Amino acid sequence: MYPSDTIAAIVTAPAKAAVSIIRISGKNSWEIIQRLSSKIFIDHQIQLSWIYENENKLDQALILPFKAPKSFTGEDVIEIHSHGGIWLTEKILELVLNSGARLAQRGEFTQRAVINGKMDLSQAEAIADIIDAKSASSSQNAIKIYQGELGSQIKSMRLSLLNLLGEVTASIDFPDEVGEFDRQKFSQIILQELKQIDILLAGEKEGHILRNGYKVAIVGNPNAGKSTLLNSLLKKERAIVTDIAGTTRDLIEESYSIKGLPIVLLDTAGIRETEDKIEKIGIEKSYQAIQEADLILHLIDMTNYTEEDYDQENLRVGTKLDLVSDYDEELFDICISSKNDQNIEELKNMIYDKIIQLNTDLVKINLRQADLLRHAKQALDKSLEASKNLSEDFWTIDLRQAIQSLGEITGETLTEELLDNIFARFCIGK
Ligand SMILES: Nc1nc2c(ncn2[C@@H]2O[C@H](COP(=O)(O)OP(=O)(O)OP(=O)(O)O)[C@@H](O)[C@H]2O)c(=O)[nH]1
Ligand SMILES: [Mg+2]
């Protein structure tokens, strides 16, 4: 399974820049750079060197040489930090490819790092998430997983199940020497692992939110000032604002962030009884947004409200503060004027605090990892069932399946085809 050829790619973005980096990995790396440069290279020592095409000086570049296994991929690696002209960078890559490397596929450097044991698969996936991260919190979660927080938990669970499998198998194979395995002990260990899987699975929803943004729905009666607040938060005229009730009909979705938290703002149609066909559909969508939202801002026009039972769960926002002098403070969590920018910063802080309350210390896992955990959970459930009334042979069937699924999270039990599939979502050069 260990790759034997040498791969190369431009690992920086294909754009004009001060510097571009070409990475070469594999057993020919050092030989290739020796062909393009006249310097002698020493492991981990940066050198400034000319890159030659035949006798011609093409560019002066910094060369970073790494000897296996102390490199990103665990193989011999050369990094060429050249000037960042698009033509120049591609020219250097062409020379590298003509000297005995082939173009790397998406994610192939990281894939090699996994195959060579430099990191597990969960850490490799985290690299893609670090690159994709659009906010401080998603980046921090990815860094956590990159440091091995998920991988180490999965590995220790898997190890404990492997030990269990070993012991049960021993008692099947050598009943006279080892004796029957204690059912109680078996179920205790399985239950313990199931509990840990549940904790990890709780991080799935969090992970999804972190990657896609917390949904904050702005809802309320027509004319409450929903679209005006949206525009004020976005600092642009995104939604149409008029004094006609029922102005917003379609759901408006915009990406936003508060102190690095990714947020999706939803401006909705004002909710009221209506015969208008289009408005009706809009109001349906408002109800749907309320269902799906992680946080609801319930806007209440302070110039025109009745004392209804406002849902305590939501953030009750009194609007048009500039128009009123007297109001019932009990009814509102915060009062704002989008027109005069009054308390808008305070509202943002409140939204942030509410979301942070939802946010926990869970490791936020991705869909693939969650799927595999669910498989492992099912298998352990079955194994637990079998241990209650069947012979030991039957306990191990599903136990093996659970061990397999856990191993797929870290990449310990992955086939080459599955690995290729996972790394296909990386960018070239990663
Ligand atoms: N004085 C004042 N007027 C506001 C404020 N916020 C909104 N308005 C006015 O209230 C009216 C309705 O505002 P919108 O933002 O369109 O209200 P909406 O809730 O989106 O209404 P629908 O889309 O019809 O449901 C407009 O005339 C706004 O200018 C405010 O803070 N102060
Ligand atoms: Mg509106």
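**Helix packing, ligand contacts and backbone geometry**

In this predicted model, helix H8 (residues 183–212) and helix H12 (residues 367–389) approach each other with their axes within 9 Å, and the two axes cross at roughly 160°. Angles over 145 degrees count as roughly antiparallel; H8 and H12 are therefore roughly antiparallel to each other. The handedness of the H8 and H12 crossing is left-handed. The residues in the contact of H8 with H12 comprise 13 nonpolar, 4 polar and 8 charged residues.

Helix H8 also takes part in a crossing with helix H6 (residues 149–173). The axes of H6 and H8 come within 11 Å, and the crossing angle is roughly 160°. The relation of H6 to H8 is therefore roughly antiparallel, and their crossing is left-handed.

A further helix pair is formed by H4 (residues 121–132) and H5 (residues 136–146), which pack with their axes 8 Å apart at an angle of about 160°. Because of this angle, H4 is roughly antiparallel to H5. The crossing of H4 and H5 is left-handed.

The surroundings of ligand 1 were examined next. There are 23 residues around ligand 1, and those that come nearest are Lys226, Thr228, Gly246, Thr247 and Asp322. Lys226 places a polar side-chain atom 2.8 Å from an oxygen atom of the ligand. For Thr248, a polar side-chain atom is likewise found 2.8 Å from an oxygen atom of ligand 1. In the case of Thr242, the atom concerned is a backbone N or O atom, which lies 3.4 Å from an oxygen atom of ligand 1.

Most residues other than glycine have a negative phi, and most peptide bonds are trans. Ala68 and Pro69, in contrast, are joined by a cis peptide bond, with omega about 0°.

The average over the protein chain is 91, and 99% of the residues score at least 70. Strand S5 (residues 77–84) has the highest confidence in the chain, at 98. The lowest confidence is found in helix H14 (residues 416–423), where the mean is 74.

Notes
Residues numbered from 1 in each chain as written. Chains lettered and ligands numbered in written order. Predicted model: local features only at pLDDT ≥ 70, side-chain atom pairs only at ≥ 80, totals over all residues. Heavy atoms only, no water. pLDDT = per-residue confidence, 0-100. Helix = DSSP H or I, 4+ residues; strand = E, 2+ residues; numbered from the N terminus. Axes fitted to C-alpha atoms, helices over the stretch in contact; angles between N-to-C directions. Parallel < 35°, antiparallel > 145°, perpendicular 65-115°, else oblique. Left-handed = near helix turned anticlockwise from the far one by under 90°. Nonpolar A, V, L, I, M, F, W, Y, C, P; charged D, E, K, R; others polar. Near = heavy atom within 4 Å. Polar contact = N/O pair within 3.5 Å; in protein donor to acceptor, adjacent residues only side chain to side chain.
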